[in-house]
Number of protein chains: 2
Amino acid sequence: MDIHEFVERSFGRWQSQRSAHHLAFRHFEEVTSTIDIIPLSTDDEEVLNLCKSYSIDPVLATHPFRMTWEGESDWNESESFTGTTILVPIPDQNNSNIGRLLRDLGYAETIPSIGTYKIDSDGTFILSTKYDRASAEEKIWFVTPNFRVRVSMIKTSEGNGVVTASFSSEIRSLSSNFNS
Amino acid sequence: MDIHEFVERSFGRWQSQRSAHHLAFRHFEEVTSTIDIIPLSTDDEEVLNLCKSYSIDPVLATHPFRMTWEGESDWNESESFTGTTILVPIPDQNNSNIGRLLRDLGYAETIPSIGTYKIDSDGTFILSTKYDRASAEEKIWFVTPNFRVRVSMIKTSEGNGVVTASFSSEIRSLSSNFNS
């Protein structure tokens, strides 16, 4: 498993169940959503702009993609949420299993982010992102080609304290075959 | 991280939040529990009996321990559940990072079980257990010394279909220092 295969296996529509554990209050949050992951061209204008904003040569980018989500949380049942972001892997030139991941919208804060990734020997994608006031670590792995899981930790930036731990189980939506 | 260190770091009292995703129904189950993990002696009678029931020489056992839990699920709010089990690691003689784990009470079915474990290069403990009608895979890792997470998959025995995916975040209860 390398970054190319990992991104390619992620393309498609996913039905996601996410549980967030807000640890200080032992609170459970339940989120259901539909996630679409679609490939972008390396000469897509938004991809070029995102690279430019980080002063990174776009020729280093590989497999950029767009992730779009739409869902509902039991914290706010009255309305659904939607979002979209583009992500651009920048593998190290000597080893594509480690590198950087550019994102035009962060997970823990709503600003652009740059994270570092590595892919473990067992195919787990591990992403670390530092924000102004927090850091995030995310592990994603495929249990089967049509089922993947994500575990995310949001930590305070000062210490190692984990504020929120969350878990997503994502099932490939086979109906997306009709859309592609 | 080897099996010795992994088990030693697990000793103590843990406050657990567990979310189970019942995938066919996209149902969320929420469980809160207190888990106690205490060391047992390798010449404890129950440890010897468990080894004997699998025809395994007890001299191969290392760091046997007892796990006891007490908690509540939102599937059955009217009563709490409790349970206890003993677990006995049997490391391979050539490599203690792989081996078998004996258990007097299984997770997916209420019968004794024998699983195989390995410890990854990043310290993740991975346990695979086959039952009559299901199999289970569990990953456990320490985010910090006082915070660990567990991801479990219950699969049907015939195929690779995941029936239930669950996630536990476990915080060490510092008050247990007064008990030990």
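**How chain A meets chain B**

A:K139 and B:D122 join their side chains in a salt bridge, with 3.7 Å from N to O; the term covers a side-chain nitrogen of Lys or Arg within 4 Å of a carboxyl oxygen of Asp or Glu. Across the interface of chain A and chain B, the rule turns up two salt bridges. This is a predicted model, where local features need pLDDT of at least 70 and side-chain atom pairs count only at pLDDT 80 or more, while totals for chains, interfaces and linings use all residues. Residues are numbered from 1 along each chain as its sequence is written, chains are lettered from A in the order in which they are written, and side-chain values use heavy atoms, with hydrogens and water left out.

Overall, 35 residues of chain A are in contact with 35 residues of chain B (contact means heavy atoms within 4.5 Å). The two chains bury about 2,800 Å² between them, and 61% of that lies on carbon and sulfur atoms. Buried area here is the accessible area (1.4 Å probe) that two parts lose on being put together, summed over both. On the chain A side, A:Q17, A:R26 and A:F28 lose the most area to chain B, together 24% of what that side buries.

And how do the copies relate?
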